[in-house]
Amino acid sequence: MSIAACELCLTLFNLIVRALLLCLCLKIRRGSVELVGALFVYIWLIMVGVQSYGLNEELVNHVFAILIFLILAPLFEGSLAKKLFIYLSGWMFSIVFFTFSTVFSMLLSPQDVVRQHEICVLVYLFLLVGFFIVLRTFLQDTLERLFSALEDNLPPLLLIYPAIILIVFLIGLRPSNYMVKADSNATFYLLFMMTTAVVYVLLLKNLVDISERHHAEDELHFAKQLVTEQRQHYTQLLESIDNMRVLRHDFTLHVQAVLGMQDKTEVDRYLGQLVKRYDVSVITMCENQAINEIMNRIRVLCEKRGITLRVDLDIRQTIPIDDLTLCVVIGNMMQNAMEACDRIYDNRFIDITARFTVDRLMLLMENSFDGVVSKKGERLLSRKKDGGLGLVSLRRILTHDGDDLSMHYTDTVFTTMVTIMARE
């Protein structure tokens, strides 16, 4: 095989490494895998044609490496950081494999240049097959778990490792800088390149473990909150049952007492005392008893805080959504709204509306707030110092097909819209 043919193969192998990572670790947004493959081959042919004019080969490779990313990135789904990390990783592996193959071939055939290129192609092909196997059996799953744990919000620091390795290889370990004079020198280069790939894999695995551990801790906090909400819910129900028993017993006694009275004035006085003794301030805001209890407690809190509360809840006692889900969603929405109102000094209000249709409950809440939000990308975050669990709880419990949570805001009004699909 001629030197020119070997160089064509090596250039193609470099592109294949980057294409494998992109196609296997990212979802294609437009077109198909065949289209992406055809674009890679087309770019490879153009790059080979440009190199035939005698231009600097390394410079052409670097320029086309950047152009490949700019052309193909829009075809894949995911954030820019995610695409850039995948592509830099593929670029890093292609440089490592090419450098390893070059050094290995120089070690085996230090004098015969043609033989060097042939060995380099064979070694690179062997590495390419091994990389594909590792990618399909381990690396692809590891990257998917990492993206899932980070929810596509990759920290910029994650890009540092492949970027640094690229700089080291492109500047310090260029083929023109290789000085393989002894076996020990070549061994150092080979070990360094193998260590680079191994450290990358271990780094990803550790990041996945840390992210999944953090995710598990969030799930534990959420589970604890659900247990607390459930305990409060059942405590309220037990209290209501006990109160009803006491009232039923007392009502019999009071009726007997009133029947024994002859004077109307005495009856009026007795009834007046009963009104003062029993708090009848509970307002029926909806037919669902659990939600009614929560809303009455919130109404009292809003009155103490000077918040105007307007409620229009069409929630029947029996709907195909369990009380726990309703209590967690509405309770967290109202708690977040009251905390937002606490940050301003005038025109505090909360408006909440609920309508149940055939198979879903739709909630709309508007509340006043100070116009300040905390965001990570397009995702709204809690402004509490400890991160808060209100928004986390809403997102975690609204996981059924059709469930939806959307939030919008102006300078003075925050709007939350929630759809809860039937659970039964």
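Reader: Over how many bridges do strand E3 (residues 360-368) and E7 pair in the antiparallel sense?
Author: This is a predicted model, where local features need pLDDT of at least 70, side-chain atom pairs count only at pLDDT 80 or more, and totals for chains, interfaces and linings use all residues. Residues are numbered from 1 along each chain as its sequence is written, and side-chain values use heavy atoms, leaving out hydrogens and water. Helices (H or I, at least four residues) and strands (E, at least two) are DSSP runs numbered from the N terminus, and two strands pair if DSSP finds at least two bridges between them. Met 362 has Thr 419 of E7 as its bridge partner, and the antiparallel pairing of E3 and E7 runs over nine bridges.

Reader: How many of the nine residues of E7 (residues 413-421) are buried?
Author: Buried means under 20% relative accessible area, exposed over 50%, partly exposed in between (1.4 Å probe, protein chains only). E7 is largely enclosed by the rest of the structure, because its buried residues number seven.

Reader: Now helix H3: which residues are exposed on its other side?
Author: Start with the buried residues of H3, which are Val 60, Phe 64, Ala 65, Ile 68, Phe 69 and Leu 72. They lie on the same side of H3 because they cover an arc (of the directions from the helix axis to the C-beta atoms) of only 165 degrees. On the other side, the exposed residues are Leu 59 and Leu 70.
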